[in-house]
Amino acid sequence: MDLSQFKDPKLARGLIDSIGSLAPEQATLMEVCGTHTVAIARNGIRNLMPEGIRLASGPGCPVCVTSNRDIDTVIALARVENVTIATFGDMTRVPGSTSSLLKEQAAGRSIQIVYSPLDALNLAQDCPDREIVFVGVGFETTTPLVAMSIKRAKAMGLKNFSVFAAHKNMPGALETIVNDPELKVDALILPGHVSTIIGMEPYRFLAEKYGIAGVITGFEPVDVLQGIAMIMRQLHEGRAEIEIAYARGVMAEGNPTAMAAIDEVFETCPAIWRGLGEIPDSGYRIRPEYREFDAVLRFDPEIEPTQDPKGCRCGDVLRGIMAPNECPLFRKVCSPENPVGPCMVSSEGSCAAYYRYY
Ligand code: SF4
């Protein structure tokens, strides 16, 4: 597909004008996807908003919302004899309470960077003498692939593959966000990738129960501006609905095959989110039928007492009540080279995006 039309300055100009003419005096829009956070920062979209319109970043970066307890659990798994941790690159630099996977690697633990759970499965086949533990973090975009890899491992009778499951689903977190007394969100810029899998139905309660407007959109500049323009139109007309501005990527019903794979292998459970605390039914754990692939059950690792990074305000950044550059450590102590918290580590983190583009 030719994406150049989604970067077209003329189209963008028209949308910016339309946003300007429809915008109310004041409104807070939250983008809840890390890729949107980066797209907004990279394209200077925050500065194009009319006065009174605030774009707040939310809890959409999977690495960032992973709790310190979960990071410490992965580190504890890395310390188990004969275990190799297979993980996405961002995770290796996230500081836990006293260590990180990168530090563990320097101390001689086996850490392998992979690009998908299927790479981890291949690693398990190639290294039958080692226990390969895949670190499963992220939202519904990655969860189906992890489910598929667990199903495949079971079908192959692979005994040295397991998963640390810390997946999360977005709608539960959004309910917590819209109930946050410290932040009044008027509308949500909803994630394109996640919605490709879950469709629009899981967001409908936001409009119906809370009167929050929401538009699912993509990641090119024109996509983001179109999503914002559609939100402005809803606010202007006093409507609150869930709409799709990303028809080339999202169908209202989502991807039933991917959802079925998630449902077969995982069940929902309470999950702890950095900044948001414990949210019922917002996590995925491996179902009893597949529990042999649950790394925590398999190894019962010794996890150290958890403490959050001192002075880091990632929790407030993820709730949208603080901009990254308002954190006292931003740029002074905390940078991508020396990250204090996960929001500065991840390529989708708000602090890293602010550091790079503001
Ligand atoms: Fe945490 Fe650094 Fe972001 Fe501050 S700037 S909230 S210390 S990651």
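Keep in mind that the model is predicted. The count of aromatic pairs comes to 7, and two of them get a closer look below, including the pair of Phe88 and Phe134.

**Phe88 and Phe134**
- The ring centres of Phe88 and Phe134 are 5.6 Å apart, and with the planes at 85° the pair is edge-to-face, because anything over 60 degrees goes in that class.
- Phe88 sits in the loop between strand E3 (83-87) and helix H5 (89-93), while Phe134 belongs to strand E5 (residues 131-138), so this pair ties together parts that are 46 residues apart in sequence.
- As for solvent, Phe88 is partly exposed, at 21% relative accessible area, whereas Phe134 is buried, with a relative accessibility of 1%.

**Phe266 and Tyr284**
- Here the planes of Phe266 and Tyr284 meet at 55° and the ring centres are 6.2 Å apart, so the pair counts as tilted.

**Charges over rings**
- Arg248 lies over the face of Phe6, 3.7 Å from the ring centre.
- Lys154 does likewise with Tyr290, lying over the ring face at 5.0 Å from its centre.

Note on methods
Residues numbered from 1 in each chain as written. Predicted model: local features only at pLDDT ≥ 70, side-chain atom pairs only at ≥ 80, totals over all residues. Heavy atoms only, no water. Phe/Tyr/Trp six-rings, centres within 6.5 Å; stacked < 30°, edge-to-face > 60°. Helix = DSSP H or I, 4+ residues; strand = E, 2+ residues; numbered from the N terminus. Buried < 20%, exposed > 50% of the residue type's maximum accessible area, 1.4 Å probe, protein only. Lys NZ or Arg CZ within 6 Å of the ring centre and 35° of its normal.
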